[in-house]
Amino acid sequence: MIKFKTIYILFSLLLLCLIFNSCTEPYILETNTYEEALIVEATITNELKKQEITLTKSSRFEDKETKAESGANVFITDNAGNQYDFEEEDGKYISTLEFQAVPGREYRLNINTLDGRTFESSIEKLTNINPMQSVTATVEPKDSLRGVAIRVNSFDPNNQSKYYRYEYEETYKIVAPKWVDTKAVLNNNGSISFVPNRTDIRICYSSKKSTEMLLENTNILNEDRVNFLVRFISDQNYIITTRYSILVKQYVESLAAFNYYKTLKKISDSGSLLSPNQPGILLGNIKAVSNPNSKVIGYFDVASVSTERIYFNYNDLFPNEPAPPYYTDCVEFCYANCEIYAGQCPCTHDTKPGVQEDLAIDSVRYFLQSERTFWVNTPCSDCTTFSSNIKPPFWID
């Protein structure tokens, strides 16, 4: 879920920026007027699970981190007399019991903050349940690039869904291309020894969640059919070199929720702090009850969801083609005292400062030995320097 951040900017700030633009000294922007607002990220679905809600505080322009809204009393009620309580856990609010939104029932979010503010949402109902039909991966061109297009296919024959939002989490397998079973280590006296290398640093797995607001609607089409490009990956991107997986989530949204996310996307994509599209306060369906002047930003979303995971290997889509370039340069190199070669040094690295210094900071790893000893950048031999060697529980080879 995209993290919301409000910025309050006065017109005078624009004038100051224009004035200081011609100066040689950089001007550090700071917030002159600031009103704290509660930021609410709340989507409950028809999945039977512990639902999650995130509460944070709005940030000043100069703030580096987002602050959590801690100590709040959070619960959801429905028109059947049920109350679903949430407990604070690791910066989020998690429901104490598993529950799911059901068709026809009305839900309301309630928030009581530690400092006495009270907020509640409008009454929301679960949207139409319309599962995805498929997620596919095919080789396609896009903007003069060749790559893998991952598309969602969906169809509602009753023409009742219309508004869709997508999220994904991608996971990919990484194999260090220059791993060998021997490792060079630096002894206390500055000499180099060779020992058996660890085997658990050769294969890794990385995961990343989508950050872009992915929206689609079929409102102007003759039928409620979706063929949406949720992710495009260049054929030169190392993340698909070995094996790749993506978990796609499709949310069916109400018109009001879709318009909220559409506006949020427009703000997020404005691309310039001083663009005409200033964030300001983005009104959702949550209001302050105890103090009408309390600011709140966010949306209580009750949406049906469907998920699907697919896998593919690079060779499945690009048979007999060379693999994409690795995460970093993995050309092997050697060290030599280049002063004695009069400009014809056979190695790219000088012994000054030398391999000992590079080993001390773990920037190089031993690769192989022939007439000379060769080396590579550390990530080429050890993928745990930028990834994790823990295999995800869902992973299928």
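Which residue forms a salt bridge with Arg 225? Glu 223 does, with the closest N and O atoms 2.8 Å apart. A salt bridge here is a side-chain nitrogen of Lys or Arg within 4 Å of a carboxyl oxygen of Asp or Glu.

This is a predicted model, in which local features need pLDDT of at least 70, side-chain atom pairs count only at pLDDT 80 or more, and totals for chains, interfaces and linings use all residues. Residues are numbered from 1 along each chain as its sequence is written, and side-chain values use heavy atoms, with hydrogens and water left out.

**Charged pairs**

Side chains of opposite charge can pair when their charged atoms come close. The whole structure holds 22 salt bridges. Three of them are set out below, with relative accessible areas. Buried means under 20% relative accessible area, exposed over 50%, and partly exposed in between (1.4 Å probe, protein chains only).

| Salt bridge | N to O distance | Relative accessible area |
|---|---|---|
| Arg 146 and Glu 321 | 2.8 Å | Arg 146 36%, Glu 321 30% |
| Arg 225 and Glu 223 | 2.8 Å | Arg 225 40%, Glu 223 37% |
| Asp 397 and Lys 391 | 2.8 Å | Asp 397 53%, Lys 391 41% |

Asp 397 is exposed, whereas Lys 391 is partly exposed. Salt bridges that share partners also join Arg 165, Glu 167, Glu 253 and Asp 301 into one network.

Where do the partners of the salt bridge between Arg 146 and Glu 321 lie? The side chains of these two residues meet at 2.8 Å, N to O. Arg 146 is in strand β11, and Glu 321 is in the loop between α3 (314-317) and β21 (335-336). The pair links distant parts of the chain, 175 residues apart. Helices (H or I, at least four residues) and strands (E, at least two) are DSSP runs, numbered from the N terminus.

**Rings**

A pair of aromatic rings is described by the distance of the centres and the angle of the planes. Rings of Phe, Tyr and Trp (its six-membered ring) pair if their centres lie within 6.5 Å; planes under 30 degrees apart count as stacked, over 60 as edge-to-face and the rest as tilted. The count comes to 21 aromatic pairs. Tyr 163 and Phe 258 make a tilted one, 5.2 Å centre to centre with 45° between the planes. Tyr 163 lies in strand β12 (residues 163-175) and Phe 258 in helix α2 (residues 255-268), so the pair ties together parts 95 residues apart in sequence. Tyr 163 is buried at 11%. Phe 258 is buried at 6%.

Tyr 326 and Phe 386 pair edge-to-face, at 6.1 Å centre to centre and 75° between the planes. Tyr 326 is in the loop between α3 and β21, and Phe 386 is in the segment after β24, so the pair ties together parts 60 residues apart in sequence. Tyr 326 is buried at 18%. Ring pairs link Tyr 172, Tyr 238, Tyr 326, Tyr 327 and Phe 386 into a cluster.

Charges also meet rings. A charge sits over a ring if NZ of Lys or CZ of Arg is within 6 Å of the ring centre and within 35 degrees of the ring normal. The charged end of Arg 225 sits over the ring of Phe 155, 4.0 Å from its centre. The charged end of Arg 165 sits over the ring of Tyr 261, 4.4 Å from its centre.
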